Every structure is written in structure tokens, then in C-alpha cells.
Amino acid sequence: MNVAEAAVAAAAVLLAALLDRALPEPPNRWHPVAWLGRAAAALGRFALAGQSASAQFARGAAAWALLAVPVALGAFWLERALAALPPAAQAAALALALKATFAWRMLHEEVAAVEAALAQSLAAGRAQVARICSRDTGALDAEGVRETALESLAENLNDSLVAPLLWFAVAGLAGAALYRVANTLDAMWGYRGRWEHAGKFAARSDDVLSWLPARLSALLLASPRHWWRLPHEAARTPSPNGGWPMAALALRLNVRLRKPGVYTLNAAARSPAPAATVRALRLARGASVVAFALAAAVAAARVYGLAG
């Protein structure tokens with residue numbers, strides 16, 4: 001049985017990849033991540049109600065746990081319950097649940113759309129890139145729009161694909177679900193502005209869970225001859241993780257990527273031309289194929305070992 005169970009785990013990853021390629025993201029009313037966002041908004045009000053920095057931190061940590069623990073436990077028991085199904089049905093159901101934790105096709109389409117929008121006008125490019133980044137895009141020139149799109153592609157290759165796949169591979173559906181909660185709460189809360197204290201636990205949790213996947217994402221994107229430069233370039237960004245895949249892409253394309261007033265990656269290179277976006281998307285597609293294959297292999301090995 002351990003061979004069959006390992007095959008189910010591997011098949012679930014590969015079927016999830018096919019589902020992502022074949023199907024668009026469901027509307028928000030049916031999307032589990034949208035449900036998560038609505039729950040986070042309600043819990044966020046509780047976290048911000050603290051009257052002091054320490055009270056807000058404690059409330060933020062409690063709110064994080066109130067959402068993350070039930071989701072992870074629910075995913076764990078769902079995977080256990082699916083084990084009663086025939087192998088083909090089990091793999092299909094597990095793939096559908098796993099697919100809810102990542103969104104590679106949507107990321108690819110949104111980044112490609114930035115270049116298409118820039119071909120129409122700068123205003124269209126700014127509006128499109130604003131859909132995939134959190135910075136103010138109103139003052140960006142065409143180079144800045146393209147650089148922001150490439151940074152978002154690299155960083156979200158990790159957040160939207162590699163990290164959930166890695167955590168599924170090593171910890172099952174509960175691992176992927178826990179990562180998705182942590183990453184979503186970091187994006188919504190973080191420790192910026194009024195969330196400086198209430199969102200600190202969410203931000204640090206995402207830092208911890210993203211540490212290994214971010215470095216794996218960088219290795220998937222970078223040429224081996226650039227690996228030795230990655231730590232130095234990644235350290236230029238304030239993020240402990242986001243700089244790794246961004247630096248890898250900048251070095252691989254030999255382009256400069258900047259967030260004005262914050263950092264510049266591969267500063268001696270030129271700003272990317274339109275062809276760089278085409279090449280970046282091709283590199284990211286290749287990285288995604290390797291990520292799916294590695295996740296399938298590791299998941300199968302984990303399940304085989306547990307079943308044995």
C-alpha cells in the first residue's frame with residue numbers, strides 16, 4: 001500500500017498543476033483564499049483593538065492562531081478523510097484542495113498583461129502593474145513599471161507557487177494550507193502603519209515559513225554561475241526573503257531592478273527592455289515545471305516513508 005499512497009501524493013501535485021493550467025481562478029464568492037481574506041478582515045478588527053503595543057501584538061498573535069490553527073487542522077483531517085477514497089478519486093480530490101493554495105497561471109497572465117498594457121500607454125501599464133504589487137505606481141515611468149512587474153513575478157513565484165508546493169511536499173495539505181494562511185495574513189496585516197504591532201506576529205510567521213522556499217526559488221531562477229552573488233544582492237532589500245528570487249532574476253537577465261528610495265538590485269546593469277519580460281516569463285515557466293516535479297517527488301518520498 002505504501003507504493004500506492006506515494007503514487008497518490010505525486011499524482012495530486014501533477015493533477016493540481018494541470019488544474020491550474022486548464023482552469024481560471026474561481027470567482028471570489030467560491031474561492032477559499034477570498035473566504036480567508038474576509039475572515040482575516042473580521043479578526044483584524046479584534047487585533048487592532050488593543051490599547052497598547054504589547055496588547056496589539058498579543059491580540060495579533062491570537063488572531064493569527066484563531067485562523068491558522070483551524071485551517072491547518074481542517075486540511076489535515078480532510079487529507080485523512082480522503083484516504084478512504086479509491087486512489088484515483090483521492091488524488092483528484094487532493095489535487096483540487098492543493099490547487100486552492102497556489103495560483104501560478106494567474107500570476108503568469110497578470111505579468112504578461114503588464115507588457116501588453118505598456119504597449120498601449122504608460123497609464124495602462126501603471127494600472128495593470130498596480131494589480132500585482134502593493135507600491136504606489138502613479139509616478140512610475142515605463143522602466144519602473146516593467147521593473148516592478150519583474151520583481152512581482154520573482155517574489156510571487158515563491159509566494160504563489162514554490163512555497164505552498166514545498167510545504168505540501170514536506171507536511172501534506174496541512175502544510176500548504178498553513179503557508180497560505182500565513183502569507184495571506186502577512187499581506188493583509190504585516191507590520192506597516194497601523195499594523196506595526198498587531199501585524200508583527202503575522203509578518204514574522206511568514207518570514208519563517210518563506211525562508212527556505214525563497215532560497216529554493218532563487219536557485220530555480222538563477223544561473224549556477226550567479227549563485228555566489230545571491231546572498232550579497234538579496235541583502236540589499238529590507239525583506240529577509242523577497243530579495244532572493246528578485247536578485248536571482250535580475251542576475252539571470254542581467255538587468256537592474258529597483259524600488260526607488262529603497263533598493264537597487266544588480267545596479268551596474270541596465271533597466272529591462274520589453275524582451276526581458278518575455279525571457280523572464282520563460283524562465284519562470286521552467287522554474288515552475290521543476291518545482292512541480294520536485295514537489296511530486298518529495299511528497300511521494302515522504303508518504304512512502306510514513307507508510308513504510
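Before the helix itself, a definition: helices (H or I, at least four residues) and strands (E, at least two) are DSSP runs, numbered from the N terminus, and the expected span of a helix is 1.5 Å times one less than its number of residues. What you see is a predicted model, in which local features need pLDDT of at least 70 and side-chain atom pairs count only at pLDDT 80 or more, while totals for chains, interfaces and linings use all residues. Residues are numbered from 1 along each chain as its sequence is written, and side-chain values use heavy atoms, leaving out hydrogens and water.

Helix H4, residues 87-99, has 13 residues and reaches 18 Å from its first C-alpha to its last, close to the 18 Å expected at 1.5 Å a residue. Which residues of H4 are buried? They are Gln90, Ala91, Leu94, Ala95, Leu98 and Lys99, where buried means under 20% relative accessible area with a 1.4 Å probe, counting protein chains only. These residues cover an arc of only 160° around the axis, which puts them on the same side of H4; the arc is that of the directions from the helix axis to the C-beta atoms. Their cover includes helix H1 (2-22), helix H3 (53-82) and helix H7 (142-188).

Stepping back, the chain holds 11 helices and two strands, and from the N terminus its elements run α-α-α-α-α-α-α-α-α-α-β-β-α. Buried residues make up 51% of the 308 residues in the chain, and the C-alpha trace spans about 55 × 50 × 40 Å along its principal axes.

Key
Buried < 20%, exposed > 50% of the residue type's maximum accessible area, 1.4 Å probe, protein only. Contact = heavy atoms within 4.5 Å.
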